[in-house]
Amino acid sequence: MSPQKRPLTPAEQVQDLDRWLESPVGQYVMGWEAACFDDMVSDMFGYHAVQVGMTQFDFLRNNRIPAHHMCAAPGHGAAKEGDVFALPEALPFESGSVDLVLLPHVLGFSANPHQVLREVERILVPEGQLIISGFNPASLWGLRRLTKRQRIHFPWRGHYLSVGRLKDWLELLSFDARSGRFGVYAPPMAQAKWIERFRFMDKAGQRWWPVCGGVYMMHAIKRVHGMRLIQPKWRTKKAAVKALAPVTQRGRRVVNGYRNMND
């Protein structure tokens, strides 16, 4: 039996992720995801957009939000100038201040994915939009992870969340899961030539086993269910002016504006 390797430190995890992203299989996965992000964010508008994690890529590059594009990553992450150093579980943004949030493979590699979603729900404006990417456990990638004896390297060290479970979590936070995509049907091969040989599975998978892609993308919208205020229909017409004519009030007669004291 081989000795159990120690877990990677946060800095080593970043280096491990960088090595995987530069590998042929990493480029295969990120190429599909980048194309999906470009397409999905192109028609989303607002004032502020935040990408959490994966700062090696600018998945907001095709977005039309004019004001601010920001990336949030831990201090040990490979951040660029202008990025915000923060944990996904504690985002330094005001409540209800962000229009669009991207979570590329954040939930599957977080120790507390529920808290990450709660933070995203907090900072999003009503009708704010969320896009999540993750590895699909019901795929060849999920099967490969189950057969790995040691899961200390990316992407095998993550906790693959199923689409059904993710939808349940989003529903509890009043998110409306609008659409989803599956891709990366080829098995996780290390060499580029083998990946190319199995690229035919991408077209076949979309037709024959669409929900078994190695990676999924999910688009959700934050819904705020409030009370409907029913406004009273106040009278807008003024009361008619009483004519200055003799009238009888409580058994007394008023004549020409003077009360008849004999009554």
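Biologist: Why is R223 called partly exposed?

Modeller: The relative accessible area of R223 is 24%. Buried means under 20%, exposed over 50%, and partly exposed in between, with a 1.4 Å probe and protein chains only. R223 at 24% therefore counts as partly exposed. This is a predicted model, in which local features need pLDDT of at least 70 and side-chain atom pairs count only at pLDDT 80 or more, while totals for chains, interfaces and linings use all residues. Residues are numbered from 1 along each chain as its sequence is written, and side-chain values use heavy atoms, with hydrogens and water left out.

Biologist: What makes R223 and E127 a salt bridge?

Modeller: Their closest N and O atoms are 2.3 Å apart. The rule asks for a side-chain nitrogen of Lys or Arg within 4 Å of a carboxyl oxygen of Asp or Glu, so the pair qualifies. R223 lies in the loop between strand 7 (215-222) and strand 8 (247-249) and E127 in strand 5 (residues 124-135), so the bridge ties together parts that are 96 residues apart in sequence. Here helices (H or I, at least four residues) and strands (E, at least two) are DSSP runs, numbered from the N terminus. E127, at 44% relative accessibility, is also partly exposed.

Biologist: Which other residue forms a salt bridge with R223?

Modeller: D176 does, with the closest N and O atoms 3.4 Å apart. D176 is in strand 6 (residues 175-183) and R223 in the loop between strand 7 and strand 8, so this pair joins parts that are 47 residues apart in sequence. The relative accessible area of D176 is 29%, so D176 is partly exposed.

Biologist: How do you know that R157 and D16 form a salt bridge?

Modeller: The N to O distance between their side chains is 2.9 Å, and the limit is 4 Å. R157 sits in the loop between helix 4 and helix 5 (163-172) and D16 in helix 1, 141 residues apart. D16, at 6% relative accessibility, counts as buried. D16, R19 and R157 are linked in a network of salt bridges, and the structure holds ten salt bridges.

Biologist: Why is Q129 called buried?

Modeller: Q129 has a relative accessible area of 16%, and therefore falls under the 20% limit. Q129 belongs to strand 5. Contact means heavy atoms within 4.5 Å; leaving aside neighbours within four places in sequence, the contacts of Q129 include M44, D99, L100, V101, H219 and I221. Across the chain, buried residues make up 43% of the 263 residues.

Biologist: What makes the space lined by H105, L107 and other residues a cavity?

Modeller: On a 1 Å grid over the protein atoms alone, a cavity is a set of points where a 1.4 Å probe fits but cannot get out; a pocket is an open set with protein on both sides within 12 Å along at least five of seven lines, and lining residues have an atom within 4 Å of a point. The search finds one cavity of 30 Å³ or more, and the largest cavity holds about 80 Å³. Volume is the space filled by probe spheres set on the points, which are joined across faces, edges and corners. Strand 5 gives the largest share of the cavity lining, four residues.

Biologist: How many charged residues line the largest cavity?

Modeller: The lining has seven nonpolar, five polar and no charged residues. Asp, Glu, Lys and Arg count as charged, Ala, Val, Leu, Ile, Met, Phe, Trp, Tyr, Cys and Pro as nonpolar, and the others, Gly among them, as polar. H105, one of the lining residues, is buried at 6% relative accessibility. The phi of H105 is near 60°, a positive value in a residue other than glycine.

Biologist: Which residues lie closest to the centre of the second largest pocket?

Modeller: This pocket has a volume of about 330 Å³, and of its 20 lining residues the closest to the centre are W20, K148, F154, P155 and W156. The peptide bond from F154 to P155 is cis, with omega near 0°. Helix 1 gives the largest share of the lining, three residues. By class, the pocket lining has eleven nonpolar, three polar and six charged residues.
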